[in-house]
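Q: I am new to this structure and would like a close look at a single part of it. Could you take me slowly through the cavity and the parts around it, and then show me a few other spots for context?

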Amino acid sequence: MENSTALHTFPRGVHPWEGKEFSEACPIQVLPEPEELKIPMAQHIGAACQPCVKMRDVVEAGQVVGSAEAFVSAPVFASLGGTVKRLGMSTLPNGRHVSAVTVAVDLEKADSAGLFALFCREPEYDLSTFEPGELFNRIRAAGLVGQGGAAFPTHVKLAKNEKKPIDTLLVNGCECEPYLTADYRTLLEMGGNVLAGARFAARAVGAKNVVLCIEDNKPEAVQRMRVRVKALGNASVSVAVMKTKYPQGGEKQLIYAALGRKVPMGGLPMDVGAAVVNVGTCVSIAMAVLYGKPLTHRVVTVTGGGIAKPANLFVPIGTPMKKLVAFCGGLNDGARRVIGGGPMMGFALGSLDIPVTKGTSGITVLTDEELQRPIETNCVRCGRCVAVCPMNLIPTRLAMSPRSKNWELFEKYHPLACVECGSCAFECPAGVPIVQLIRIGKVELQRQKQAKK
């Protein structure tokens with residue numbers, strides 16, 4: 001494949017204010033070691049882990065503290081060494097309460113800075129020396145999940161299926177969520193490991209082609225990765241420049257934009273011969289394959305008009321979010337809402353004691369001005385939510401069904417196909433919280449199905 005100057009895109013979608021200027025010029029900094037970590041046992045889609053340590057156990061950095069028995073699951077690790085303080089519960093950014101292991105950190109032995117240097121090191125490897133099965137096993141053992149927010153176990157995506165072979169691996173470097181710049185800085189500062197991890201992932205799943213997908217609002221990242229790809233001298237690896245639009249980074253939207261393939265409703269990327277991996281996940285793949293490092297740290301953006309000093313931080317998983325906020329100078333007087341993630345798909349936080357998880361891409365602090373929305377009025381059936389829905393759904397029908405408790409109608413309009421991108425709520429002139437109502441409906445529908453079992 002050759003690099004192309006044409007912009008790739010998908011139908012519908014929206015153009016929210018980007019907000020990247022707060023943190024895009026901020027190099028990644030290493031967060032000072034926290035005194036305590038709270039490590040949730042459910043940081044991924046799939047079965048939760050079971051704690052495999054007990055109180056007062058001394059654990060080393062990178063030691064498994066939560067074992068994963070199911071295939072769709074991923075083990076969790078002590079991000080830093082220390083002593084197990086308690087086994088209890090923790091709240092996730094999405095509000096779920098799950099079991100967790102709390103570790104009192106041994107600050108004398110903690111070395112996040114050393115690990116960060118490894119993340120930024122230019123890798124040296126011979127791809128042909130790694131067998132696909134070996135790569136798959138290392139990725140699974142390292143507890144890797146999608147770091148773009150969905151947190152789907154990476155090894156499941158990369159499991160070979162002889163009936164549905166993968167020919168192309170897409171690297172998602174779009175970072176279409178407003179405000180967030182963790183992936184952008186990762187491309188600039190860890191580009192060698194992004195490319196290495198992508199090639200390892202492609203070899204594991206049997207894909208012949210690798211396409212790095214980056215939105216055109218990140219020209220420096222595009223240029224740097226093109227230089228790397230050119231130096232590689234491999235025609236099967238290319239860079240595709242995507243039109244800046246939300247949600248360009250959604251799996252199905254990205255596959256259509258980059259390859260012109262439409263994933264069927266209810267289907268998976270493998271149904272059209274593709275797999276998608278986030279840039280942060282690619283770096284973690286390289287760390288797992290080359291150095292045997294499990295997923296213990298990630299890059300997190302702290303940004304928005306309500307934070308004193310926006311930053312991109314290299315953070316041990318399990319660190320309380322208040323530590324990140326404090327390092328960034330605390331909240332401004334105008335801060336009104338703190339969001340785990342970005343403003344389109346993130347969740348408003350009720351506490352800053354919530355820990356950073358494998359899927360935490362950012363903390364966005366918004367002011368009153370940034371939060372301005374129309375006062376909710378009645379839906380006028382304007383159809384704007386339908387016009388922008390990237391999944392070609394009818395969001396207003398999905399939203400109003402839970403309010404009227406018409407669950408039969410709700411299920412009729414394919415709620416599980418909704419990716420909760422928030423485009424509908426963003427576009428709604430009546431200020432109806434469409435995506436929030438759909439989320440509530442999904443939870444209730446699942447509860448009803450479980451009650452019938």
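A: Let's start with a term. A cavity here is a set of grid points where a 1.4 Å probe fits but cannot get out, and a residue belongs to the lining if it has an atom within 4 Å of such a point. Please keep in mind that this is a predicted model.

With that in hand, we can go to the cavity itself. Searching the whole structure turns up 3 cavities of 30 Å³ or more. The largest cavity has a volume of about 100 Å³. Its lining consists of 13 residues, and Cys 389, Pro 395, Cys 418, Cys 421 and Cys 424 are the ones nearest the centre.

Let's take Cys 418 from that list. Cys 418 sits in the loop between α13 and α14. Is Cys 418 buried or exposed? Cys 418 is buried, because its relative accessible area is 14%, and the cut-off for buried is under 20%. Leaving aside residues up to four places away in sequence, Cys 418 touches Leu 393, Ile 438 and Lys 442. For Ile 438 there is also a distance to look at: 20 residues separate Cys 418 and Ile 438 along the chain, and their C-alpha atoms are 8.3 Å apart.

The loop between α13 and α14 also holds Glu 420. Glu 420 is not a glycine, although it has a positive phi of about 60 degrees. With a relative accessibility of 19%, Glu 420 counts as buried.

Helix α12 covers residues 395-404, and its buried residues are Pro 395, Thr 396, Leu 398, Ala 399, Ser 401 and Pro 402. What do the buried residues of α12 pack against? Their partners are α11 (384-388), α13 (407-412), α14 (423-427) and α15 (434-452). Just after α12 comes Lys 405, which takes a positive phi of about 55 degrees.

Arg 381 lies in the loop between α10 and α11. Its phi is positive too, near 60 degrees, in a residue other than glycine. Arg 381 is exposed, with a relative accessible area of 63%.

Two of these helices, α14 and α15, lead on to an open space. Together with β16 (335-340), β17 (347-348) and α10 (368-371), α14 and α15 each give at least two residues to the lining of the second largest pocket. The largest share of that lining, 3 residues, is from α15. The second largest pocket holds about 750 Å³ of space. Its lining has 24 residues, with Pro 343, Met 344, Leu 366, Leu 371 and Arg 373 nearest the centre.

Now for the other spots. His 44 is in the loop between β3 (36-40) and β4 (50-51). It is buried, with a relative accessible area of 6%. What does the side chain of His 44 reach? It reaches the backbone oxygen of Ala 47 at 2.8 Å, and a polar contact of 3.2 Å joins it to the side chain of Ser 73. Beyond residues up to four places away in sequence, His 44 touches Cys 49, Ser 73, Ala 74, Val 145, Ala 151 and Pro 153.

The whole structure has 8 aromatic pairs. One of them is an edge-to-face pair of Trp 17 and Tyr 179, with 5.5 Å from centre to centre and 85 degrees between the planes. This pair links distant parts of the chain, 162 residues apart: Trp 17 lies in the loop between β1 (4-8) and β2 (28-30), and Tyr 179 in the loop between β10 (168-172) and α4 (182-189). Trp 17 counts as partly exposed at 47% relative accessibility, whereas Tyr 179 is buried at 4%. Ring pairs also bring in Phe 22, which forms a cluster with Trp 17 and Tyr 179.

A ring also features in our next spot: the charged end of Lys 245 sits over the ring of Phe 10, 4.5 Å from the ring centre. Finally, look at the peptide bond from Tyr 246 to Pro 247, which is cis, with omega near -5 degrees. Pro 247 belongs to the loop between β12 (237-242) and α7 (251-259).

Note on methods
Residues numbered from 1 in each chain as written. Predicted model: local features only at pLDDT ≥ 70, side-chain atom pairs only at ≥ 80, totals over all residues. Heavy atoms only, no water. Helix = DSSP H or I, 4+ residues; strand = E, 2+ residues; numbered from the N terminus. Buried < 20%, exposed > 50% of the residue type's maximum accessible area, 1.4 Å probe, protein only. Polar contact = N/O pair within 3.5 Å; in protein donor to acceptor, adjacent residues only side chain to side chain. Contact = heavy atoms within 4.5 Å. Phe/Tyr/Trp six-rings, centres within 6.5 Å; stacked < 30°, edge-to-face > 60°. Lys NZ or Arg CZ within 6 Å of the ring centre and 35° of its normal. 1 Å grid on protein atoms, 1.4 Å probe; cavity = no way out; pocket = protein on both sides within 12 Å on 5 of 7 lines; lining within 4 Å. Points joined across faces, edges and corners; volume = space filled by probe spheres on them.
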